Structures are given as C-alpha cells and as structure tokens.
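Q: I would like to learn how to read ligand contacts, salt bridges and aromatic pairs in a model. Can we go through them in turn?

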Amino acid sequence: MVEHVLITGGAGFIGSRLAARFAADGHIVTVLDSLIPQVHGHDPANTSPLLRSLEGVATVIEGSVTSTDDLRRALEGATIVIHLAAETGTGQSMYEIDRYVEANVGGTAKLLDLLANDDNDVRRVVIASSRSIYGEGAYRTEDARTVYPAHRANADMAAGDFEVHVPGEQELTLIPTDETAKLHPSSVYGITKQMQESLVMTVLPTLGREAVSVRYQNVYGPGQSLKNPYTGILSIFSTLIRQGKEINVFEDGLESRDFVYIDDVVEATFLASILPAAAGGIFNVGSGVATTVLDVVAALQDAYGIEVPVRVSGQYRLGDIRHNVADTTKLREVLGFVPAMRFTDGVKRFAEWVLTEPIEGDEYEKSLREMAERKLLK
Ligand SMILES: NC(=O)c1ccc[n+]([C@@H]2O[C@H](COP(=O)([O-])OP(=O)(O)OC[C@H]3O[C@@H](n4cnc5c(N)ncnc54)[C@H](O)[C@@H]3O)[C@@H](O)[C@H]2O)c1
C-alpha cells in the first residue's frame, strides 16, 4: 500500500533521511519545515545540504508548524504524519523558553486541532519523543529496588560531586531505562518533549486514529548539523579537533549517553510508522550502550588521527543529566528491530563524512557565553 507521509521537520537530520527511506519504498513524501537558520544557515537553498538532499525525494513546503495555514496545506492527502519539527537544544531551551514551548508544544497543539476539526485522511501520527523526558534515568539500589534519582543539586556539583543521589541509599548502579520509567525531565526541552508525546498519545485515540511515540536517545551520524552550536557533541568536538583547538570536557568526563546511529533510528522510525503492531506503542530507540564523554573524545581523535589538548574542567550545565541508557527490549519484541551499529564503527563513518564537509560551527563559544551569562553554565 502506498502511503502519503507528511514529515514535519523533514528537512532536518533525522527527517531528511527518513524521507529518503520512504521515497525509496515508493511512498509519497511531503515535508513541512521552517528551515531554521540554526540548522540550515541563512540561505538554505545554498547553505543546507540537508534541504538539497530532498530534491526528487519529497515535496518541500517551507512553513511552520506554528501556522495553521502552513499545516493545513501540508496535511492535504497525508495518511501518516511523522512529527519531528522541534527546537532541539537542551541548554538553549533553559533561556529561550517561550520559543521552545511555542514551537514544540504550540506546534503540536495546532497539528492536533486540525486533525480533530478538519476533514483529513490521517490514520496514524508518530511523535519524535526523547530520552530527555526521563531526566536522570533508572538505578538499582543495593537491595535490588529500582529508583529514579531527582535532578542533581547545584551545591553538589559545585563541590565536584556529579553523581546522582537518593536519600538513604548508599550504592546506586545505573540500569537501562525502560518505557515504564518515571518521567521527570530536567530541562525545558525535555518538558516540551513530554508534552508533545502526551498530547499525541492522548488525543489521537479519541479521534479513532493511531498514535506511536519513538523516544530517541542521542542520535548521531553523517548528515547531523555541523552548524548548530546548541546540540550534538560529536559535531562540536569534531570542529574543535579539526581546528586543533582544546576540548573543554564538562564535569569529570565520566558522564555518559546512549549514542544511536542515524540508520538505526531511521529504520526504527520507519517500522514504527508502518507496522500495525506499533499502534498505540511507545518505543525507546537507542543502542542500549552507555558511552562516556571521555570515550567520545578518544574515539573522535582516533577517527581523525588528530590529537588536541583535552581539559576536564569540572564545569557543568544546569539541566544536563548524568547518565541515561535505553532498554530496547520493547523495540525488539514488538517491532522486531535491534539497533546494530557499534559506536566505534559509527564514529568512523561519521568522521569520514565530516571530512567531506567544510569546517563550520564558529558559534560554539557564543553558545557557551550565552549560558554562562545566565548562570546556567558553572
Ligand atoms: N537528534 C537527536 O539526538 C534527537 C534525540 C531525541 C529526540 N530528537 C527529536 O527528533 C526530532 C528531529 O530531530 P533532528 O535531530 O532531526 O533535529 P534537526 O534540528 O536536525 O531537525 C529539526 C527540523 O525541524 C525544523 N523546525 C524547527 N522548528 C520548526 C517549526 N516551527 N516548523 C517547522 N519546522 C521546524 C528545523 O528547521 C529542522 O529542519 C526532533 O523532534 C527532536 O526533538 C532528536
């Protein structure tokens, strides 16, 4: 069956690859994207390779999910909507609160209003959620209970203690977070992702349509924005390495993330969009492996064959979490899919691609200054 897929934010990193995946299978693809300068540069037709990659793949409508008219035009004929459009910088979300809430929550609300009130053929909406909604992830206590630590206290981190704590518990061991975990985002970005997911999962069934949520961990790979200074440590560190500049590693460098390769994310999202079994489901999409920031730095330096000074500074950003790693059992059991790319292999492919691109990302220092001025970077 040929689907007509609307991908909001479809000119972005994940969306552009997903558009190509659907088009390759003969589906019709429409993209609605406002081409924000932070991701696409100031003259997208010339400065955005992601946008150019959509030529012959999708009908691109330049417009915003915060505009009812743009959304209405984009929804014409759509049978499946994959809602990726979002502002995505965790740190930036802590001081551009209105902008993040309007685009992420407001845009989702407008989309749902149209689905509820206009005639349309949409039978499923897939929402791109995020591991950020878990805040600090899941931990096991010494007597094998599962606990969800609160956000880390500024006073602890100022004293160089970056680990999570639960009152009355001595030893905590990080365990993978499954989809039933407590949701307690520690950033404005995370709050908006939780709201987007809750809105979609609550409203769609009342309309007799299907909702699916994919909770992405840290997605990386060829095509990720090298311009955006507000997101993507692999891009930011790559630029510093190529420039021979020092890397300032926050905290003690042992904070970790679950890095999941773009091809795995695209396949998981494709399956979540078309498989009947996915209907109503919420799926973690991650590699299931925790990688520390210091290991990221080492893997990148290795991949580029360049060594730069690395300073573990003890600085930290309010809103950041310490660790999170996905339990992907449900993805495997329901969608029959297992993210397969090992981090060291994925980083090599990423670095090979980066070397074909111009050196960008001059705005990183500026993004740090913005946070420091607002006392969000300590
Ligand atoms: N990349 C990750 O690691 C990651 C992790 C968790 C969740 N996600 C989610 O996945 C989705 C896609 O992320 P990505 O990495 O491709 O980000 P991206 O920034 O590359 O893509 C987002 C796209 O949305 C567009 N956009 C922003 N505001 C818009 C608006 N108001 N109207 C229309 N388009 C708008 C941007 O121009 C961009 O093309 C987002 O919802 C993000 O929150 C991503």
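The dialogue below takes up the ligand shell, then the salt bridges, then the aromatic pairs.

Q: What kind of model is this?
A: This is a predicted model.

Q: Which residues come nearest to the ligand?
A: The ligand has 27 residues around it, and those that come nearest are Asp 33, His 40, Leu 84, Tyr 189 and Lys 193.

Q: How much of the ligand's accessible area does the protein cover?
A: On its own the ligand has 820 Å² of accessible area, and the protein covers 92% of this.

Q: Which elements give two or more residues to the shell around the ligand, and which gives the most?
A: The elements are α1 (13–24), α2 (37–40), β5 (124–130), α9 (188–206) and β10 (218–220). Strand β5 gives the most, with 3 residues. By class, the shell consists of 14 nonpolar, 11 polar and 2 charged residues.

Q: How many salt bridges are there?
A: Side chains of opposite charge can pair when their charged atoms come close. With a cut-off of 4 Å from side-chain nitrogen to carboxyl oxygen, the count here is 21 salt bridges.

Q: Which parts of the chain does the salt bridge of Arg 21 and Glu 267 link?
A: The two side chains meet at 2.8 Å, N to O. Arg 21 belongs to helix α1 and Glu 267 to helix α11 (residues 262–274), so this pair links distant parts of the chain, 246 residues apart. Arg 21 has 22% relative accessibility and counts as partly exposed.

Q: Is Glu 87 buried or exposed?
A: Glu 87 counts as buried, at 9% relative accessibility. Its salt-bridge partner is Arg 99, and their closest N and O atoms are 3.0 Å apart. Glu 87 lies in the loop between β4 (80–83) and α6 (90–93), whereas Arg 99 lies in helix α7 (residues 97–117), so the pair ties together parts 12 residues apart in sequence. Arg 99 is partly exposed, with a relative accessible area of 27%.

Q: Which residues do salt bridges that share partners join into one network?
A: The network is made up of Glu 136, Arg 152, Glu 163, Glu 251, Asp 252, Glu 255 and Arg 322.

Q: How many aromatic pairs does the structure hold?
A: A pair of aromatic rings is described by the distance of the centres and the angle of the planes. The structure holds 7 aromatic pairs. In one of them, the rings of Tyr 220 and Tyr 261 have centres 5.5 Å apart and planes at 70°, so the pair is edge-to-face. Tyr 220 is in strand β10 and Tyr 261 in strand β13 (residues 259–261), 41 residues apart. Both Tyr 220 and Tyr 261 are buried.

Q: Why is the pair of Phe 259 and Phe 343 described as tilted?
A: The pair is tilted because the planes stand at 35°, with the ring centres 5.2 Å apart. Phe 259 is in strand β13 and Phe 343 in helix α14 (residues 343–354), 84 residues apart. Phe 259 and Phe 343 are buried. Tyr 220, Phe 259, Tyr 261 and Phe 343 form one aromatic cluster.

Definitions and conventions:
Residues numbered from 1 in each chain as written. Predicted model: local features only at pLDDT ≥ 70, side-chain atom pairs only at ≥ 80, totals over all residues. Heavy atoms only, no water. Near = heavy atom within 4 Å. Areas by Shrake-Rupley, 256 points an atom, 1.4 Å probe, with all protein chains shown as cover. Helix = DSSP H or I, 4+ residues; strand = E, 2+ residues; numbered from the N terminus. Nonpolar A, V, L, I, M, F, W, Y, C, P; charged D, E, K, R; others polar. Buried < 20%, exposed > 50% of the residue type's maximum accessible area, 1.4 Å probe, protein only. Phe/Tyr/Trp six-rings, centres within 6.5 Å; stacked < 30°, edge-to-face > 60°.
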